[in-house]
Amino acid sequence: MVEVEVIEDSRLNRFHYTLLAILGTVWAFIAVNTISAGFVIALLKNDPAFQGSLTRLGSLGSAALFGMLFGAPLFGYLADRIGRRTTLALAVSTFSIASVVSAFAGNLETLIALRFIVGLGLGGSLPVASSYFAEFMPKSVRGAMISILESFWAVGTIIVGVVAILVGADWRSVLLFGGAVVLVLPLILALPESPRYLLTRGRIEEAEKTVERILGVRAKLSVPGERKRASVGDLWRRYGRRTLMLSVAWFSIAFAYYGFFIWLPRFLASTLGITVFRSFQYFVITAVAQLPGYWSAAYLLERIGRKKTLSYYLLLSGIAGLGFYFAARSGSEAAIISSAIAFSFFNLGAWGAIYAYTPELYPTEVRGTGTGWAGAMARIGGGIAPILAGRIMELSGSALAVLVIAVVAIVGALDVLTLGEETMGRSIG
């Protein structure tokens, strides 16, 4: 356990807000690069070199998610070995460069392969950034601040929707835009390394200087007890119940999110009988609903706790998915849009909660590995969902695909309610 009480008991200052702005920008571009697949899939029907069945196009939507499956544990492991900041810079470099290169792909197979590489960097950036951010946050506002960081996902989602509308049928420009995050790299490298990480490596003097730099106070730090490198096996031997709960929760929330939003333009176009570009406009409307979803979750995280907020929002997103299913069967445009907005609100609020919750369940020496494992479970769920949803649509239509998504979200809510433990107000060791 690495205790840095001076950070735990500190107040928010300029450094914390600067860190939020930099990592928030990264977070927004992670969303841009992830959600762009949905727009690319919708636009590829206009390009003869990129034709395919819905199942095959679903593979394009899943490619980055499967890349995330490997990227999350890989970069999570590196974060516990070479540091949070350096690892984050490597992960961001990976997905930004690969996004630019993917814009020049000549066929669907090449595009799928390059999207997989994009996913490696995306999968690494998410858990590393959240762990890094959490380790600087005072315990009194940690949950809310992590949820606010996660809300930048909605900003990125809105931006990529607007970009897709502005560039028309030019899907390559959407992918090129995703690579612009490379401009943030110098700012990442200018940030300090996490004092908690430095202490696990025995670099006590560096940790003390970092605390003085960010908080303006001198603190005498130490590492109590023996420092031991942790492995994935330790997650199950020492934290089995937590790891099981998080594995199911992350799988469920990602399955629901990616299954719904990768195909949302298609869901809307098919259920409402509208053009693809009109569905893009509705997509942006649903994305705007994500922001109050995050903000309300941020408020509740510090009022009713992590466990209740996460489970309730997951449950309500599942109920919204059921609403979409019945609305799609009835053909009511108002009900379809309303249920899509409700799903967007509650599912993204749940994301804000789970990102706040996960780092608090593991101590510093295994936090990167633990959040990396959780991220990998999310990528399995997220990788399966677009392919499965595409296949279900081929066989039975959009309504049934959303019904499956809703049921998985409800299972995740029950998992958290049953196996979860509360961490609100707890110091992260």
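# Exercises on a predicted model

Helix α17, residues 364–396, has 33 residues and spans 47 Å from its first C-alpha to its last, close to the 48 Å expected at 1.5 Å a residue. The model is a predicted one.

**Exercise 1.** State how many residues of α17 are buried, and what phi Gly397 takes.

*Solution.*
Step 1. Take the burial of the helix: 24 of the 33 residues in α17 are buried, and the helix is mostly covered.
Step 2. Move to the residue just after α17: Gly397 has a positive phi of about 100°.

**Exercise 2.** Decide whether Arg142 is buried or exposed, and find which side chain it joins in a polar contact.

*Solution.*
Step 1. Locate the residue: Arg142 lies in helix α6, residues 142–167.
Step 2. Apply the cut-off: buried means under 20% relative accessible area. Arg142 has a relative accessible area of 0%, so Arg142 is buried.
Step 3. Look at the side chain: a polar contact of 3.4 Å links Arg142 with the side chain of Glu360.

**Exercise 3.** Find which residues make the nonpolar surface patch, and which element gives the most to the patch.

*Solution.*
Step 1. List the members: Ile304, Tyr312, Leu315, Leu316, Ile319, Leu414 and Leu417 form a nonpolar surface patch of about 560 Å².
Step 2. Assign elements: α15 (306–330) and α18 (398–419) are the elements that give two or more residues to this patch.
Step 3. Compare them: α15 gives the most, with four residues.
Step 4. Check one member: Leu414 sits in helix α18. Its relative accessible area is 49%, so Leu414 is partly exposed, as exposed means over 50% and buried under 20%.

Notes:
Residues numbered from 1 in each chain as written. Predicted model: local features only at pLDDT ≥ 70, side-chain atom pairs only at ≥ 80, totals over all residues. Heavy atoms only, no water. Patch = residues over 30% accessible without salt bridge, like charges linked within 9 Å, V, L, I, M, F, W, Y side chains within 5 Å. Areas by Shrake-Rupley, 256 points an atom, 1.4 Å probe, with all protein chains shown as cover. Salt bridge = Lys/Arg side-chain N within 4 Å of Asp/Glu carboxyl O. Buried < 20%, exposed > 50% of the residue type's maximum accessible area, 1.4 Å probe, protein only. Expected span 1.5 Å × (residues − 1). Polar contact = N/O pair within 3.5 Å; in protein donor to acceptor, adjacent residues only side chain to side chain.
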